[in-house]
Amino acid sequence: MAKKVTLTRFIIEQQRDLPGVSGTFTLLLNDIVKACKQISHLVNRGDLIGVLGSADSENVQGEVQKKLDIITNDIMVDALSWTGHLAGMASEEVDGIIRIPKHYPKGKYLALFDPLDGSSNIDVNLTVGTIFSILRCNATEPTLEDFMQPGTHQVCAGFVLYGPSTMLILTTGHGVNGFTLDQDIGEFILTHPAMAIPPDSKEFAINMSNQRYWEPPVQRYIAECQQGEEGVRGKNFNMRWIASLVAEVFRILTRGGVFLYPLDLRDPNKPAKLRLMYEANPMAFIVEQAGGACSTGRERILEIKPGGLHQRVPLVLGSKNEVDRITAYHLEAK
Ligand code: F6P
């Protein structure tokens, strides 16, 4: 029988090869994984336990919260507060820094997360997920400035997909590996080692209903894809839009493609939708580690110096040659 490599074994063996790494990081990852297993169970039980539907409240960003947005945030905060591995946290659902209660020990990492990404899909039974990013921190009482690190400083990034299978996609800066939750034994098992994004692709993902608000470089790129074999690209493209970033990135990790949530001119106060610290940065780290690229259209996501916990950025990610082409269109249009 083929040997099953569990996530814990994989991480311990990987960390052994890295000088100066303590076991704390493995323990922190275990805390996150435990919380995500709990979330997976709730998402899977759905209406049987009454967790679907709206919470009749708004989060800090004025978005209507689902009951599961609140429940999953509480699960993450609770699982990560007491173990002594973190100095602080930040979540999509909470305005400021989430502090570790005084009576618990503090650790040397910061965790930033979106506890339930794509939650507008939850009531229609489509894939949602948890995204997380881990940074180092020297302070025991971190200030906002301690969180304001560019994505290149991430120690680890990952996301858990709650889909037909529950999967964890992870990078610690040494490639990207995918693990599937074996429900029988309650362990994540390595099923997708060394994930790699093909450099070329014929598939794009964008919310076409926003087309009238896009800038000219994005209009140009999408128009050329739509022209297919008859146009300058000389090949036909396919389109997908799941409206769930975790599901789109997993598809791109599996078979390539490009995802765009570009700058748009709908609302001058909100020129972009996705959040840098717990959506764009972790996805950029994963995508780059799998050989893809990730940009705002004008600059590399991972090099942005953050200006706030909930800062929004335009996001273009996926197959390297397509992302480079879109970036070139933006720079030409300057
Ligand atoms: O807020 C995140 C998110 O739900 C992403 O997961 C997804 O890619 C995007 O928003 C969908 O946005 P829209 O509903 O505008 O298509």
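This is a predicted model: local features need pLDDT of at least 70, side-chain atom pairs count only at pLDDT 80 or more; totals for chains, interfaces and linings use all residues.
## The ligand and its surroundings

The ligand sits in the largest pocket. Around the ligand there are 13 residues, and the closest are Asp117, Asn207, Trp241, Leu245 and Tyr261. Two strands, β13 (258-261) and β14 (274-275), each contribute at least two residues to the shell.

An N or O atom in the side chain of Asp117 is 2.9 Å from an oxygen atom of the ligand. For Asn207, a side-chain N or O atom likewise lies 2.9 Å from an oxygen atom of the ligand. In the case of Trp241, the distance from a polar side-chain atom to an oxygen atom of the ligand is 3.0 Å. Considered alone, the ligand exposes 400 Å², of which the protein buries 84%.

His85 is placed in the loop between helix α3 (67-81) and strand β3 (86-91). Is His85 buried or exposed? Its relative accessibility is 10%, so His85 counts as buried, since the term buried applies under 20%.

The side chain of His85 takes part in two polar contacts described here. One, at 2.7 Å, is made with the side chain of Asp31. The other joins His85 to the side chain of Thr83 at 3.4 Å.

Along the chain, Leu27 and His85 are 58 residues apart, and their C-alpha atoms are separated by 7.6 Å. Leu27 counts as partly exposed because its relative accessibility is 45%, a value in the range between the cut-offs of 20% and 50%.

## Helix α7

How many residues of helix α7 (residues 276-289) are buried? The helix is mostly covered, with 12 of its 14 residues buried. Among them are Leu276, Met277, Tyr278 and Glu279, as well as Phe285, Ile286 and Val287. Just after α7 comes Gly291, which has a positive phi of about 90 degrees.

## Residues with a positive phi

Most residues other than glycine have a negative phi. Asp56 is not a glycine, yet its phi is positive, at about 60 degrees. This residue, Asp56, belongs to strand β1 (residues 54-58). Asp56 is classed as exposed because its relative accessible area is 73%.

Ala194 is also a residue other than glycine with a positive phi, here about 45 degrees. Ala194 lies in the loop between β10 (187-192) and β11 (203-205). With a relative accessibility of 59%, Ala194 counts as exposed, as the term exposed applies over 50%.

Whereas Ala194 counts as exposed, Ile197 is buried because its relative accessible area is 5%. Ser201 is likewise buried, with a relative accessible area of 6%.

Each of these two residues can be paired with a residue farther along the chain. The C-alpha atoms of Ile197 and Asp324 are separated by 14 Å, and the two residues are 127 residues apart along the chain. Ser201 and Lys320 are 119 residues apart in sequence, with a C-alpha to C-alpha distance of 9.1 Å.

## Leu302

Where is Leu302 found? Leu302 is located in the loop between β15 (293-295) and β16 (312-313). Its relative accessible area is 2%, so Leu302 is buried. Leu302 and Glu229 are 73 residues apart in sequence, and their C-alpha atoms are 34 Å apart in space.

Key. Residues are numbered from 1 along each chain as its sequence is written. Side-chain values use heavy atoms; hydrogens and water are left out. A residue is near a molecule or strand if one of its heavy atoms lies within 4 Å of it. A polar contact is a pair of N or O atoms within 3.5 Å; within protein, one must be able to donate a hydrogen and the other to accept it, and residues adjacent in sequence count only if both atoms are side-chain atoms. Accessible areas come from the Shrake-Rupley method with a 1.4 Å probe; for residues, only the protein chains shown count as cover. On a 1 Å grid over the protein atoms alone, a cavity is a set of points where a 1.4 Å probe fits but cannot get out, and a pocket is an open set with protein on both sides within 12 Å along at least five of seven lines; lining residues have an atom within 4 Å of a point. A molecule sits in a cavity or pocket if more than half of its atoms lie within 2 Å of its grid points. Helices (H or I, at least four residues) and strands (E, at least two) are DSSP runs, numbered from the N terminus. Buried means under 20% relative accessible area, exposed over 50%, partly exposed in between (1.4 Å probe, protein chains only).
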